[in-house]
Every structure is written in C-alpha cells, then in structure tokens.
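Reader: I am new to reading protein models, and I would like to go through this one slowly. Could you take my questions in turn?

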Amino acid sequence: MSTHNEVIRRVAPAGHHRINDLLFRLRALVALIVLVIIFASLSPAFLSSGNLMILVKHVAINAILAVGMTFVILTGGIDLSVGSIAGLAGIVAGGLINTGLVLPAFGVVVYFQVWLVILLAALAGSGVGALNGLLVTKFSVAPFIATLGTMYVARGAALLISNGATFPNLLGKPELHNTGFAWLGSGSILFLPVPIWLMAVVGAAGAFLASRTPFGRRIYAIGGNERAAELSGVRVGRVKLLGYMISGFCSAIVGVIIASQLMSAHPATGETFELNAIAAVVLGGTSLMGGRGGVGGSIAGAFVIGVLADGLVLLGVSQFWQIVIKGVVIVVAVLLDQMQKRFSWRERSS
Amino acid sequence: MARKVLLVFSLGVLALTGCRQSGSGRKSIAIITPSHDNPFFKSEADAAAARARALGYEASVNTHNDDAHKQDELVDVAIANGAAAIILDNAGADASVAAVAKAKGANIPVFLIDREINANGIAAAQIVSNNYQGALLGAQEFARLMGEKGTFVELLGRESDTNAQVRTSGFHEVLDKYPGLRLVGQQSANWSQTEAFQKMETLLQAHPDIKGVIAGNDTMALGAAAALKAAGRPEVIVVGFDGSPDVLASIRAGSIKATVLQPAARIATMAVDQAHALLTKGSSGAAEKQSIDCELVTASNVDQFGVFTRK
C-alpha cells in the first residue's frame, strides 16, 4: 500500500501542485506563523522573550497531552479520559506528598521521595491507560465509550481520594525527605522552565517512536487497515494497548506538572483538557480515521491553540470572542482536512 | 436471555424496595447542591446534612453539577422518595423555577440557599449571602491596600454566572471612584485555578508593572497568587472572594491579603432549621427572601473564622 502511494506522489504533483500539497500538510505550521505575525504586530509584548517563554510553558501542557493522544488517534481510536487522568495523577501526587501512603493493615504511613511520587503518579496514569486499552482490545468496547467510562471513573476516583478537597501547600517536609516538588512546574534548566524541557523530551521520544521504530509502523498499519495489519502478523491488541498506555502516561505527566505549578492538587483539574488535546491533534493533520498524521503536527497544533489563547488574552479580547475564535480555527482546520482528502483522491484517480 | 432479564429486573425491584424500607420510619430531607469538588458547596452540603441528622431526619445528599436537567431529575427522585423538605443550591436562576414549582406542587417545601431564582412565592425561602455587599467590602479593602492608586487587573468568574456579574459590578461601584486606581486588564478565568494561573502569567507579560489583582472568587485568587509567586512578584496585592479554607491559610501565610467570607455553612444550617420549624410548627418563622451579609477576612481577623462560617 505504501509503495503505491509513494509512486503516485512522486509522479503526479508537479509545480504548484506540490507546493499546495506541502502547504496543506504543514497547515498547522502555516497557521502558527500567520498567528505569530498578527499578534506580534498588534501587541509589543508578544515577542518579548519573557512572554514567549511563558507561552511555550502554557503550550507544553496541551502539547504533552496531544503527543499521547496522537498514538491513540493514529490507531483509529480516541481517548476521552486524558483530562480525568491528569486530575487523578495530580491528586495521587498531592496525596502522597501531604498525607503519604496510609497502610492500615500494617498501621504505618509511608512517605516517598519526590521522584518516586512522580513515578507512582505516572504509573497510576499508565494504569488507567492500560484499562482503556484492555477494554478496547480484549472486550471490544468502542474506544469512545470505553474512555468515556474511564473518564468518569478516574474523575470519581480523584474525588474519592481527596474527599472532594484540595491538597494544599505541596511543599513536603524536610524531615520526611519529600521536598522539592515545586521544581517540576516552576524550576528551570539552562534558563528554560522544566515543563518546556518535558515537552521537548516527550515530543522527541514520541516522534522517534512513531516514525523510526517497528512499533510506530505497526501503529500506522493498524490505523490504515486493522484487518490487513492483523493478517500480516501485527499483534493488534498489544500495540493498541501500548498506545493507550502512552496516552495515560502523558496525561499523568501533565497532571503532575499542573499540581507542581499551583503547589496544590485539585480533583477537578483537567476538565475539558481532552477536547483541547483532540483539537491539537486534528489541527496538526492527524486523521480521526487513523493511519495518517504524526506527532510533530500535533505539537504544532498545540502551539496554534496556545498562541491563540495567550495572544487574545494579551490583546484583552473578551472571553466570549476567545471561545468563538478557537472554535472557528478548529472547524477551518477540519475543512482543510476534507479538502486535502478530496484533492489527493482526485490526483490518484486521474 | 429471558431468565437473565428476569434476574436483573427482580434485583432492581429488590434494590428499590430496600431503599424504600430504609427510608421509612424517619422523615428525610433532600440536600441538592453543585459539585462537591468546590469546598464551598461541600461545606454547605455537609453543614445542612449534619444539622438535619441532629434534628432526627434522614439526609440524602446529591449534586447536580450545575446541570438544570440533572437537578430536575434529582427533584423528581426526592418527590418519589417522599422527602419532607428539599434544601437546594440551584442550577440557574431561570432554569430552576420549574423544578421548584414541581416540588411545591407535590407539597414539598423547597429552601433555596446560596443562589436565588427569578420567581417569588414558590420557594419556602431563598437564603443567600449578599454578594453585592460582599463585593463592596472586598473592593474597599483592596483600594485601601493599594493606597488608592496604581494599576490592577481583575479576574472574572464565568461570565454567564449571575454571581460573577454581581461581584464585578460591586467591585467597580467602589474602585471606579478612585481616579488613581487604573484597571489595565480584565479576563475571565471561569472560576478555575489552573486557568487563573495561566491568565495571570500572560497578563503579567502585557502589564509587568501591576500592583494588585482582584479576583471574583478564591480559587482564581489562589491561581493568581501561585503565578505571582512563580514570577517572583509576591508583593502584588491579591484579594479574593468566598472565604475558602485554602485562602484563609494563604492569608495567614501572607500570599493573599484579603477575602470576603460567605457564611455558606451558616446559611445551610439556617435553611434546615427553618425547614424543621415549618414541618413541626407549620411556619418557618422567616420571610421568603433573606440576605445574609458577608464578612471581610484579613490577616488581623483571620483566626476568628472557620470553614465558611465565623467560629
């Protein structure tokens, strides 16, 4: 199938066709450049290094979610539970720092060092991701329904753990050796905030995994034609499971970053994050049908949404217009997606 | 298949009759509020439930998550279960009128707390904290802390929410009279801490010299304070609204300067007391519309306050 595509691509689009094709495929990047030019000309503060740093830090939240979401959407699935997993992971981290792990059977309370707390929160997120994967593969529940269910379960679990309250002042105590949680959200390495580094690492790892490994090729193969992939020996269930686990892991990282930035964990954190993540992935050119797109596009999509959000705040635009404009951008992106499909279909049939 | 259906059906009937039996004997009060992930609503529900149990009622506590449709269903359930009274923090001034009227039609008195509805004579009582008076208090303290001059930004609540509008108009009633105070940015953070954190960071970029932040509620004040701390600007004056336990702690620590406490727990207790009076004596002994004043909390008096009430 792929060789067939290659041949047509190489022969058919000549001249402006090729440029059109390129612009379509990189539309998130094009939109990003246009937005940056608009905001930079309207607000003098926009291009200051301080603002750009904060902007990228804000983008990091959605971009990390979008990287995980890309793996799920590439297989033709969807993950609605990412926001709830972020909330749950934050609560797990907050609870472990403030109250420790209470083991009533042994009558002890265990406190962990911060890196272990983060690891356990990430494990909790991957665990919910694995549950998503099992529901989708072993029990053949439609991804939309399975992750809708875990969305509620994870949110409820977060509320249960904290009894609806916030875990405040996540500073840890020196005598318990669990201080330093703030570094993850507000620390910096080489003048760049830690969340930006995390986005870079997650993005690079995601891009490598998707485009340079057998696992990545299997993800695309499943999204392209699941039956064909299965017949050619791909263990569809296992690959999909891993995809959902990656998404759960990324969501957990986001939850921990937010808890660290606010120095408090709130069980309602992450509501509607799933919609932003899906929007970023779609803006970035990944098809909701699966099999087409990639991690780089999703990160560009997250930047478009983030630049739009922060730029409009900088200009002092009202909340109502911010929502309308965000919606319009998403719809336009999907319209472009449809045009691209028709465009390449015409080429192939001619 | 048929056997399975029968099994499920009989289990359902069993569960329903079980509920009914446990409900009989004592009268019950249904307590319906927005989601408990906001400590404000949790504490009002807890306070109402505690008082109801102390007075010998069963208390059934449910949340409508600001969804008028879900609220309607919960009222239906309360009617079906034969609740003696309903304590309701409603899901919208207009959208809730029908649900309250339905309960009244079933002879169940509804005591509204925290939020009013746009209709008189159908609720047994509407007990709310005076948001406008509270906003004036908060704004006066904010102006005093600012030394009556300097630039500030305002974080608004969800703009479709009545309380968000009432609070901002109260703030401006006071602040607009000071020529030295200049509003340089006004953004909605939808009552959310995460959103307030990000909006505050961006606002600081556009207006690096601001001296104060006035927020429509406490969660947004906490988000703004966290952003200011991260930006190395802890001296910026932050004032919130609600009197949540987290903000009381921040006032003690100095990162937030003041808030306005809504006596939510006291209002909830009052509502249950009035319901009890109506059920036992035939009269609640109070007018339908009751407005309870908010109180200013600052570093000097913070120790006098507990969870949404004066100690």
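Author: Let us start with a term: a residue is called buried when its relative accessible area is under 20%, exposed when it is over 50%, and partly exposed in between, using a 1.4 Å probe and protein chains only. This is a predicted model, in which local features need pLDDT of at least 70, side-chain atom pairs count only at pLDDT 80 or more, and totals for chains, interfaces and linings use all residues. Residues are numbered from 1 along each chain as its sequence is written, chains are lettered from A and ligands numbered from 1 in the order in which they are written, and side-chain values use heavy atoms, leaving out hydrogens and water.

Reader: Is Val295(A) buried or exposed?

Author: Val295(A) lies in helix α14 of chain A, residues 295-314, where a helix is a DSSP run of H or I with at least four residues, a strand is a run of E with at least two, and both are numbered from the N terminus. Contact means heavy atoms within 4.5 Å, and beyond its neighbours within four places in sequence Val295(A) is in contact with residues including Val67(A), Phe71(A) and Ala210(A). Because its relative accessible area is 4%, Val295(A) counts as buried.

Reader: Which side chain of opposite charge is nearest to Glu44(B)?

Author: Glu44(B) sits in helix α2 of chain B, residues 39-54, and among the residues it touches are Thr33(B), Asp89(B) and Ala268(B). Lys and Arg count as positive and Asp and Glu as negative, while His and the chain ends are not counted. Although Glu44(B) is buried, it has no salt bridge, a term for a side-chain nitrogen of Lys or Arg within 4 Å of a carboxyl oxygen of Asp or Glu. At a distance of 7.1 Å, the nearest side chain of opposite charge is Arg115(B).

Reader: Which residue of chain B forms a salt bridge with Lys57(A)?

Author: Between chain B and chain A the count is one salt bridge. With the closest N and O atoms 2.6 Å apart, the partner of Lys57(A) is Glu201(B).

Reader: Which three residues supply 26% of the area that chain B buries against chain A?

Author: Buried area is the accessible area, taken with a 1.4 Å probe, that two parts lose on being put together, summed over both. Chain B and chain A bury about 2300 Å² between them, with 55% of it on carbon and sulfur atoms. The share of 26% on the side of chain B, more than any other three residues supply, comes from Asp37(B), Thr202(B) and Gln205(B).
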